[in-house]
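User: Please go through the salt bridges of the model shown here.

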There are 2 protein chains.
Amino acid sequence: MPGVGPRSAERIALWMVQSRRDQPEQISEAIANTRQAVHPCKLCGFFAVEELCEICRDTSRPRDVLCIVEQATDILPLERTSAFRGRYHALGGRISPLDHVAPEDLRIRELLDRVEIEKFAEIIFALAADVEGEATTNYLVDLLKDKPLTLTRIAHGLPAGGGLESADELTLYQALTGRTKL
Amino acid sequence: MPGVGPRSAERIALWMVQSRRDQPEQISEAIANTRQAVHPCKLCGFFAVEELCEICRDTSRPRDVLCIVEQATDILPLERTSAFRGRYHALGGRISPLDHVAPEDLRIRELLDRVEIEKFAEIIFALAADVEGEATTNYLVDLLKDKPLTLTRIAHGLPAGGGLESADELTLYQALTGRTKL
C-alpha cells in the first residue's frame with residue numbers, strides 16, 4: 001500500500017494478528033466493498049458507484065463546457081478550485097512512446113463520441129505542462145480542430161505566490177509569450 | 001556576505017591574514033572598483049557602468065514595448081528566456097504596507113515620465129504572482145489605464161513541467177480562469 005514502508009507493514013501485520021476486536025475484519029470488508037462498488041464512470045472516467053459518476057449525473061452543472069484531464073485523480077484538485085463547473089473527460093493517461101502508451105490506449109474514441117453527441121461549445125485542455133502533456137494536447141487539438149467548438153488550454157505561467165527569481169526559464173518564457181490583456 | 005556562514009567566514013579571515021600572495025589585495029580592489037563603477041541605470045534601474053545600462057543603450061532593441069519588474073535582478077532571468085526584446089523598468093520593490101514600502105518609495109514617478117516621453121505601445125507587468133505583486137500591478141494599472149497603450153500581464157498558471165497534482169489550488173484556479181484559446 002502506498003506510504004506503508006517495511007516498519008509500518010510489520011506493525012500493521014502484528015496488529016492484524018493480535019487485535020482482539022474485529023477492526024481488521026471491518027477494514028477487510030470495507031476494502032472489498034470499495035473495490036466492488038467504485039468503478040470508472042462510463043462517460044467521463046471519474047470514480048463512480050452507479051453507472052455514471054456524481055458529476056455526470058448532476059443536472060445543475062452546465063453541459064456545454066468539457067474539461068479534458070489525464071487521470072481521474074486530476075478531477076479532484078480542479079473541483080476544489082470551484083473555478084470550473086462543467087463536465088470532465090479523463091483520458092486515463094497521456095501519449096508517451098517511451099512508456100509504450102499510444103493514442104489507442106487512451107479514452108480518445110469515447111471522447112470523440114461524446115463530442116458528436118453532447119455538442120460542447122468549449123473544450124478546455126487541462127493536461128500537464130510537460131512534454132507528454134503538450135504532445136497529447138496537440139494530438140487531440142488536431143483531431144478536434146474542425147469541429148464547431150472553441151478549444152482552450154489552461155494557462156501556463158508563474159505559479160501563485162511565486163516571484164520571478166524562483167521561476168525557471170521555460171516557465172518565464174511561457175509566462176511572457178502567454179501574457180494576457182489587463 | 002550572502003552564503004558565507006560563521007565557519008566559512010573564519011576560513012576566509014585566516015586566509016586573508018596568512019596568504020603570502022596578493023590575492024586578498026586584488027579582491028579588495030575588485031570589490032572597491034565594482035562598487036564605484038556599477039550603479040543603477042538612470043532610465044530603467046538596471047545595473048549600469050555608464051549613465052545608461054547596456055539594454056537602454058542598445059538601439060537594435062524595439063522601443064515600443066516596456067516590461068515592468070520589481071527588482072533590477074528580475075531583468076536577468078527575463079533576459080535569459082530571449083522571449084522579450086523590449087525595454088525594462090525596475091521599480092526597486094513593490095508596494096508593501098507591512099514592510100513600510102509606499103508607492104512614493106518606488107520608481108513610479110520615473111515610470112510615468114518615461115511613459116509620457118517614450119510613447120510605448122505596450123506595457124507588460126512582470127511582477128511576482130503574490131499579494132504584494134498583484135497589489136502593485138493593480139496600483140500601476142490604475143495610473144496608466146487612460147493612456148493610449150495596451151497593458152498586459154505575464155501569464156499566471158501551471159509552471160513548466162508541472163502536472164495538475166503538484167499545483168496548488170490558487171494556481172489551478174488562475175490556470176483555469178486565465179485559459180487561452182488554441
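Analyst: A salt bridge is a side-chain nitrogen of Lys or Arg within 4 Å of a carboxyl oxygen of Asp or Glu. This is a predicted model, in which local features need pLDDT of at least 70, side-chain atom pairs count only at pLDDT 80 or more, and totals for chains, interfaces and linings use all residues. Side-chain values use heavy atoms, without hydrogens and water.

User: How many salt bridges are there over all chains?
Analyst: The rule above is applied over all chains. The count is 24.

User: Which residue forms a salt bridge with R61(A), and where does the partner lie?
Analyst: The N to O distance in this salt bridge of R61(A) is 2.8 Å, and the partner is E79(A). R61(A) sits in the loop between α3 (54–57) and β3 (65–69) of chain A, 18 residues from E79(A). Helices (H or I, at least four residues) and strands (E, at least two) are DSSP runs, numbered from the N terminus. E79(A) lies in helix α4 (residues 75–81) of chain A.

User: Is R61(A) buried or exposed?
Analyst: Buried means under 20% relative accessible area, exposed over 50%, and partly exposed in between (1.4 Å probe, protein chains only). E79(A), at 27%, is partly exposed. R61(A) has a relative accessible area of 5%, so R61(A) is buried.

User: How far apart along helix α5 of chain B are R109(B) and D113(B)?
Analyst: Their side chains form a salt bridge at 3.4 Å, N to O. R109(B) is exposed at 54%, and D113(B) is partly exposed at 37%. Both belong to helix α5 (residues 108–118) of chain B, where their separation of 4 residues is about one helical turn.

Definitions and conventions:
Residues are numbered from 1 along each chain as its sequence is written. Chains are lettered from A and ligands numbered from 1 in the order in which they are written.
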